[in-house]
Amino acid sequence: MKVHYKKKKGERQKALPVCIYNLSNRDTADQATQRKRTFRKFTYRGIDLEQLLDLSSEQFMGMVHCRARRRFQRGLKRKPMGLIKKLRAAKKSAPAGEKPETVKTHLRNMIIVPEMIGSVVGVYNGKVFNQVEIKPEMTGHYLGEFSISYKPVRHGRPGIGATSSSKFVPLKHNLSMMVGLVRNVKFY
């Protein structure tokens with residue numbers, strides 16, 4: 001038995017006995033099986049994934065936000081329905097356990113429905129098609145949210161004229177400007 005001394009604030013030192021045991025490999029293996037990681041089960045507004053996939057379009061429509069509900073009430077047009085048909089075909093043709101073929105689209109305003117989960121979509125951002133694998137957490141969001149259409153600003157040094165101290169122009173630049181002015185001046 002090992003004894004550690006700890007002193008608390010305002011108290012005299014006293015011995016606190018601490019027992020240290022050597023754990024065998026068998027004990028650590030037992031502890032590992034007892035403490036297996038449990039994963040959080042996905043739910044969308046209180047409904048788990050299996051039930052979400054079984055919902056009809058009217059039932060799912062009642063669960064999404066009002067803008068998406070309005071969009072579904074007005075009916076899915078030809079292009080969104082064509083995308084869903086292509087995604088179904090890509091899923092069906094994919095071998096079991098493999099990711100389906102990428103389906104490219106410009107429909108950034110397409111709302112992700114549970115039927116699309118597991119598909120790979122190439123979403124156009126104005127320049128390239130960004131591959132997006134549809135996950136259950138994306139349900140109810142727009143495809144465009146996962147394909148950024150701009151390059152985020154990387155702030156560096158300020159440019160000329162941004163501050164009062166940056167109005168200084170190097171001498172080399174001044175000379176070239178003066179030479180340009182002299183060339184344009186005509187002497188009579």
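Helices here are DSSP runs of H or I with at least four residues, strands are runs of E with at least two, and both are numbered from the N terminus. This is a predicted model, so local features need pLDDT of at least 70 and side-chain atom pairs count only at pLDDT 80 or more, while totals for chains, interfaces and linings use all residues. Residues are numbered from 1 along each chain as its sequence is written, and side-chain values use heavy atoms, with hydrogens and water left out.

**View 1. Helices α2, α3 and α5 around the largest pocket.** α2 (49-54), α3 (57-61) and α5 (78-93) each put at least two residues into the lining of this pocket, and α3 gives the most, with four. The space inside comes to about 340 Å³. Of the 17 lining residues, Ser56, Ser57, Phe60, Val113 and Glu115 sit closest to the centre. A pocket is an open set of points on a 1 Å grid over the protein atoms alone, where a 1.4 Å probe fits, with protein on both sides within 12 Å along at least five of seven lines; lining residues have an atom within 4 Å of a point. Grid points are joined across faces, edges and corners, and the volume is the space filled by probe spheres set on the points.

View 2. Rings of Phe, Tyr and Trp (its six-membered ring) pair if their centres lie within 6.5 Å; planes under 30 degrees apart are stacked, over 60 edge-to-face, and the rest tilted. Tyr44 and Phe60 make a tilted pair, 6.1 Å centre to centre with 35 degrees between the planes. Tyr44 belongs to strand β3 (residues 43-44) and Phe60 to helix α3, 16 residues apart. Phe60 also pairs edge-to-face with Phe72, at 6.3 Å and 65 degrees. Phe60 is in helix α3 and Phe72 in helix α4, so this pair ties together parts 12 residues apart in sequence. Phe60 and Phe72 are both buried (under 20% relative accessible area with a 1.4 Å probe, protein chains only; exposed is over 50%, partly exposed in between).

**View 3. Leu143 in the largest nonpolar core.** A nonpolar core is a set of buried Ala, Val, Leu, Ile, Met, Phe, Trp, Tyr and Cys residues joined through side-chain atoms within 4.5 Å. Of the 27 residues in this one, Phe72, Met116, Ile134 and Leu143 touch the most other members. The largest share, four residues, comes from α5. Leaving aside residues up to four places away in sequence, Leu143 has contacts (heavy atoms within 4.5 Å) that include Leu83, Met116, Val121 and Ile134.
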